[in-house]
Amino acid sequence: MTVAVYDKFLARAADWGFDSARLRQHLRTAFAACIAVLAAWALGLEHPQWAGMTVWAASQPLRGQLLEKSFFRTTGTIIGTAAGVVLVLVANGDLLWLVTGLAVWMGICAGLGNLQRSFASYGTMLAGYSASMVALLDNGNPAHVYDLGWDRLFTALTGVAAAVIVGWLFTPVGAEIPGDDKVRRLCARLLRDIAAASQAAVRGQSALSPKDMAERLAVMAAIEEGLDPHAAGSQRSRRAVRALRRLINTQISALLWLRDSTGKTITPEFTAEQAQAMTAALEQAAKLLETQPAPLAAINAIAKAREAAAGWGHANEILSNIGLALQAHFVAASDLPLPANHRARQLPVVLHSDWVGARRAMLRAFSAIFAVGLIWVVTGWHGGTYMLLGLSVMITVFSSFENPAFTMRFVILGQAMGAGVALACQWFAWPFASSQLQMVLMMLPFIFLGALLLSHRRTTLYGFDCNMVILLALSSHFPYQLDVGHSLSMAFAIVTGPLAGWLAYRFILPVTVQGRLDGLRAMMVHELQDMAATPLHARDVRVWRARLYHRLLRLVRASEKINAPAVQEAADCGLAALRVGKAVLILHTLENDLLLSDSTLRSVRSALQRLQQLPAAPAKAIPLLMGVAQRIQQHQPEQALQLQLAAQDIGEHQRFFASTAKIA
């Protein structure tokens, strides 16, 4: 009967504007938060409400994500608590030294967190503001810092335990990785394109139009962007996500090859009968991938096509890599590990690291914390601790967002709502409490109110911050004495934290989607410069290629968010970078060719030296690449073609290669 009433309530709630699935999850989380607060109070912890904050922070829709985030939540809390204790002891009551140390620590955590991904990044950011919770809330009494540190640690552990127990009982084990089936259909479409490309290549035409390339890269970029959370919780999930990324990379490689597959790559050995056999095998493989009755049969069909592709440039290698990546993808979906000697392991997955954004986040966090802390030290405002604490969260956690200044608008409103709810509890409920237990019990309905805000379609963007502020502000010390002025001052101080964060993101090394896009372009071009300066080994080449593939997807995705029509231009620029990178590799190979004349070798070295200064004057590299291509045309026509195409791309995308010099 109770279950039926609950289900009826959820159905009625949908008519009131609530998302039923989210409401179910958030009511469950609120229940776990109440259990955590009561358990922390029963254990005699000084700040039991912190346990509820941990539950809200650790809650996830899937078990694997819940376990991994709880692990990093615990690890980050331990490290941050220890750092906070050390800062208080070293400062020894000197607030200026405390603020300076905290600014350095926050800068380090913000910088490292921007180089990491998913829950590992979250744990690093948490280590930053956990130190603030210890160092700021008891800065005047270093002797008490150990008690506060243990309190912070055990309330966090209590919250993690409650979140894991309740979450384990009610959340599903996992789900299929989003985009899994879509990537396989893209692969089937790619195989049909390769089958059709032989005819286009014979006519000297490109197999794919730029529009087709951009559309497919945009689909892959959208899928790749959502993969990180689904790698959480188990080795099987990590293998599956890694295998899916490997399959995406092989498709990008094949698309790039198709873009260049003109008649010049066809040799006389590639007969019409071979083309027909390859086409039939690839059509069979594509059909098997789309219907999925026998995935291993699709791999066998690709192997037949690979045998028939001899004589058509790098078709054999491309099809071989697709087959290996598909096999690794199907194996990863089971409980079987990929064999240690499997050739798919030679196709690495290397992810983009935002070094530009990390450096800016580090400097921004240090500057903001130090500036606001200095104001606190000079003015002595008692609400400055809560302002700094709020800023510590804002300046770390949101630094990895695409546009944190925009996000801060919702955070400020959410925290203002939370402060208002906390004042309602402090003014209209707690004055009637006759014990600390009653204060804790009176707090619980307000926790459920936060769940409702988080689940309604109109308030969902504000709900999380509202919940966290409710619990941050409700410190249940008994006996309770209502002080309206003090409570208003604390509420104002809490709201000024995200306001200071907005000011920092707006005026201290501003973060925008366009800025991140420009930084991504800078890193792609400067990696080409580094390649030109340093000969690469075979493994380095694979790593470079995989990293540029991932940056290409990020470039396309970021461009799509700014302006959808700009996707094709972003795809063209990214593919141009890949083609120039291939030209650099060819030049390094030619540099070691003992059969070349001295004049040709000098031309090769001149081209490499110019590519090392590519952003300064991209146009100057064009005649040098064309000159080398002309010199090797007779004996190495395919390499000459790649150099000519790279020169052509530099000429067509000079803004891409030149504008990044201002950001590097």
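Two aromatic rings of Phe, Tyr or Trp (its six-membered ring) count as a pair if their centres lie within 6.5 Å. I kept that in mind while reading this predicted model.

**Entry: ring pairs.** I looked up the aromatic pairs and found eleven of them in the structure. I picked Trp427 and Phe428 to look at in detail: their ring centres are 6.4 Å apart and their planes stand at 80°, so this pair is edge-to-face.

**Entry: charges over rings.** Next I checked where a charged side chain sits over a ring. Lys69 lies over the face of Tyr122, 4.5 Å from the ring centre. The ring of Phe507 has the charged end of Arg506 over it, 5.3 Å from the centre.

**Entry: two helices.** I reminded myself that a packed pair of helices is described by the angle and the distance between the axes. For α22 (residues 567-591) and α23 (residues 598-612), the axes come within 9 Å and cross at roughly 145°. I noted that this crossing is left-handed.

Which residues make the contact? From α22 I listed Val580, Val584, Leu587, His588, Leu590 and Glu591, and from α23 Leu601, Val604, Arg605, Ala607, Leu608 and Leu611. Sorted by type, the residues of this contact are nine nonpolar, one polar and two charged.

How values were computed. Residues are numbered from 1 along each chain as its sequence is written. This is a predicted model: local features need pLDDT of at least 70, side-chain atom pairs count only at pLDDT 80 or more; totals for chains, interfaces and linings use all residues. Side-chain values use heavy atoms; hydrogens and water are left out. Rings of Phe, Tyr and Trp (its six-membered ring) pair if their centres lie within 6.5 Å; planes under 30 degrees apart count as stacked, over 60 as edge-to-face and the rest as tilted. A charge sits over a ring if NZ of Lys or CZ of Arg is within 6 Å of the ring centre and within 35 degrees of the ring normal. Axes are lines fitted to C-alpha atoms, for helices over the stretch in contact, and angles run from 0 to 180 degrees between N-to-C directions. Helices (H or I, at least four residues) and strands (E, at least two) are DSSP runs, numbered from the N terminus. A crossing is left-handed if the near helix is turned anticlockwise from the far one by less than a right angle, and right-handed if clockwise. Contact means heavy atoms within 4.5 Å. Ala, Val, Leu, Ile, Met, Phe, Trp, Tyr, Cys and Pro count as nonpolar, Asp, Glu, Lys and Arg as charged, and the others, Gly among them, as polar.
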